[in-house]
Amino acid sequence: MKKRMKVGLVGASGRMGQEITKILKGTPSFELHLAICRQSSLAEFAYTRAQPSCLEAKEVDLWIDFSSPELLQKTLSVAIKNKTPFVSGTTGLDTKQVSALKRAAKSIPILWASNMSLGVAVLTEAMKVFARVRQFDFQIEEFHHRRKKDSPSGTAKSLQQALENVVGRELPPPLSVRGGGIFGIHKVHAMAEDEHIIFEHSALNRAVFANGAVEAAKWLSLKKKGFYGMRDVLYSETK
């Protein structure tokens with residue numbers, strides 16, 4: 001019988017952590033081993049700890065991280081030490097923290113994405129068609145719930161970078177709207193004098209990100225060291 005992979009989930013008591021836990025419980029290839037969170041105990045997991053630098057971390061086969069930039073860095077150090085694959089959807093990272101992820105990828109498999117939705121990965125790929133109309137005006141627009149701290153969102157920043165790479169020039173910064181309970185809407189506008197193209201992705205619930213994270217974890221568990229994104233999960237020839 002194939003061994004079940006022991007998962008360490010960072011930010012396990014958060015909204016995303018709870019969604020990922022639900023999916024992992026129904027995934028035969030994964031075992032809920034170690035929860036990193038402020039709560040004293042989460043019954044689904046074998047262990048609950050406040051910090052990733054704990055004895056049980058040595059037993060983790062794969063980390064999934066949806067926490068904070070600070071906790072990501074602490075977990076990354078543990079993952080490097082134990083040579084453990086690392087999946088993260090934590091946003092709000094600065095350039096130094098992203099560089100730290102890329103350096104770590106020289107020794108372990110790392111997959112980081114500002115948005116774990118498979119649909120956003122498809123949207124990013126679809127934007128390549130704008131190379132044919134690079135003379136158009138472009139604008140990225142994003143909507144999220146009122147509790148979201150970062151503005152613009154990590155997804156909007158990633159889309160902005162991808163679009164600027166496609167059209168070969170700097171574009172106006174993303175427009176951000178915060179209100180209500182919107183899970184996430186991202187729009188890419190391409191505008192000319194006589195026509196207007198809109199690419200749009202809407203997240204209908206948090207489960208879309210949790211499902212993407214678990215798919216990413218399955219994919220990464222079979223990979224060697226390197227820095228990966230959600231595009232690799234969908235479009236890699238060695239999928």
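**Reading the features one by one**

Analyst: Helix α2 (residues 69-82) packs with helix α3 (residues 95-104) at an angle of about 15 degrees, and their axes are 11 Å apart. That makes α2 roughly parallel to α3. Angles under 35 degrees count as roughly parallel, over 145 as roughly antiparallel, 65 to 115 as roughly perpendicular, and the rest as oblique. Axes are lines fitted to C-alpha atoms, for helices over the stretch in contact, and angles run from 0 to 180 degrees between N-to-C directions. Helices (H or I, at least four residues) and strands (E, at least two) are DSSP runs, numbered from the N terminus.

The model is predicted: local features need pLDDT of at least 70, side-chain atom pairs count only at pLDDT 80 or more, and totals for chains, interfaces and linings use all residues. Residues are numbered from 1 along each chain as its sequence is written, and side-chain values use heavy atoms, with hydrogens and water left out.

User: In which hand does α2 pass α3, and which residues of α2 and α3 meet?

Analyst: A crossing is left-handed if the near helix is turned anticlockwise from the far one by less than a right angle, and right-handed if clockwise. The crossing of α2 and α3 is left-handed. Contact means heavy atoms within 4.5 Å. From α2, Pro-69, Leu-72, Gln-73, Leu-76 and Ile-80 meet Gln-97, Ala-100, Leu-101 and Ala-104 of α3. Sorted by class, this contact has 7 nonpolar, 2 polar and no charged residues. Here Ala, Val, Leu, Ile, Met, Phe, Trp, Tyr, Cys and Pro count as nonpolar, Asp, Glu, Lys and Arg as charged, and the others, Gly among them, as polar.

User: At what angle do the axes of helix α1 and helix α6 cross?

Analyst: The axes of α1 (residues 15-25) and α6 (residues 207-220) cross at roughly 55 degrees and come within 9 Å. The two helices are therefore oblique to each other. In this pair the crossing is right-handed. On the α1 side the contact is made by Met-16, Glu-19, Ile-20, Ile-23 and Leu-24, and on the α6 side by Ala-207, Phe-209, Ala-210, Asn-211, Ala-213 and Val-214. The classes here are 9 nonpolar, 1 polar and 1 charged.

User: How many helices and strands does the protein have?

Analyst: There are 7 helices and 11 strands in the protein. Its radius of gyration is 18 Å, close to the 18 Å that the globule rule gives for 239 residues, so the protein is as compact as a globular protein of that length. That radius is taken over C-alpha atoms, and the rule is 2.2 Å times the number of residues to the power 0.38. The C-alpha trace spans about 60 × 40 × 35 Å along its principal axes. Among contacts between residues at least 6 apart in sequence, 67% join residues at least 24 apart.

User: Is Val-7 buried or exposed?

Analyst: Buried means under 20% relative accessible area, exposed over 50%, and partly exposed in between (1.4 Å probe, protein chains only). With a relative accessible area of 0%, Val-7 is buried. Val-7 sits in strand β1 (residues 5-10). Not counting residues up to four places away in sequence, Val-7 touches several residues, including Leu-24, Phe-30, Val-60 and Ile-64. Trp-112, in strand β6 (residues 109-112), also counts as buried, at 18% relative accessibility. Across the protein, 50% of the 239 residues count as buried.

User: Where is Gly-179 placed?

Analyst: Gly-179 lies in the loop between β8 (175-178) and β9. Its relative accessible area is 25%, partly exposed. Gly-179 and His-145 are 34 residues apart in sequence but 4.8 Å apart in space, C-alpha to C-alpha. Leaving aside neighbours within four places in sequence, Gly-179 is in contact with His-144, His-145 and Arg-146.

User: What should I look for in the backbone?

Analyst: Most residues other than glycine have a negative phi, and most peptide bonds are trans. Lys-83 is not a glycine, yet has a positive phi of about 55 degrees. Lys-83 is in the loop between α2 and β5 (86-88), and is exposed, with a relative accessible area of 54%. The peptide bond from Ser-151 to Pro-152 is cis, with omega near 0 degrees. Pro-152 is in the loop between β7 (137-144) and α5 (154-167).
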